[in-house]
Amino acid sequence: MGDALDDWVLEKIRLLRRGTVVASGIQRVEQILWPDGIFMTKHPKRKQQSSTSDEEQQQEAERRAKFVHELMIEKAPATIVSLVGQNEYKQCAEDLYFFLQSSVCLKQLAFDLLELLLLSAFPEMEKAFKQLRDEKHIFGQYTPN
């Protein structure tokens, strides 16, 4: 069954790499991010839709954070907790919870997902990404003219 599953997955990957599929994906992303040719955060319709106040948004964010915290710590899977221990699991889950909320983590996750998406669509870019990773220490350095 393993070979049949591998063949099926490879066929789906080949279908996703077709030019028309990649082009339609790019077009869809463009429609989402630039409706009517205006970036979504500056679109006039977005201003009208955001009728919720900052206080309501803050309350919603706090409610979601509490829900995630409850799922990760208070309603932890018993098998994992018994395997690693209550205190160790709680400390690890809290560390993970606070790390996942950091802006650095979210930005890195977004960049990694973008890289994976581009590499799956354009495998010939692998050398460019390898060069980018090898020379990342150069980026952000100030070189006077």
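I started with Phe-98, which counts as exposed because its relative accessibility is 54% (exposed is over 50% relative accessible area, buried under 20%, and partly exposed in between, with a 1.4 Å probe and protein chains only).

A note to myself on the ground rules: this is a predicted model, where local features need pLDDT of at least 70, side-chain atom pairs count only at pLDDT 80 or more, and totals for chains, interfaces and linings use all residues. Residues are numbered from 1 along each chain as its sequence is written, and side-chain values use heavy atoms, with hydrogens and water left out.

Next I looked for aromatic pairs, and the whole structure holds one (ring centres of Phe, Tyr or Trp, the last by its six-membered ring, within 6.5 Å; planes under 30 degrees apart are stacked, over 60 edge-to-face, the rest tilted). Tyr-97 and Phe-98 form an edge-to-face pair, because their ring centres are 5.1 Å apart and their planes stand at 70°. I then checked Tyr-97, which counts as buried because its relative accessibility is 7%.

I also looked up Lys-90, and found this residue in helix α6 (residues 86-100) (helices are DSSP runs of H or I with at least four residues, strands are E runs with at least two, and both are numbered from the N terminus). Lys-90 counts as partly exposed because its relative accessibility is 39%. Which distance in space separates Lys-90 from Met-72, C-alpha to C-alpha? I noted 8.6 Å, for two residues that are 18 residues apart in sequence.
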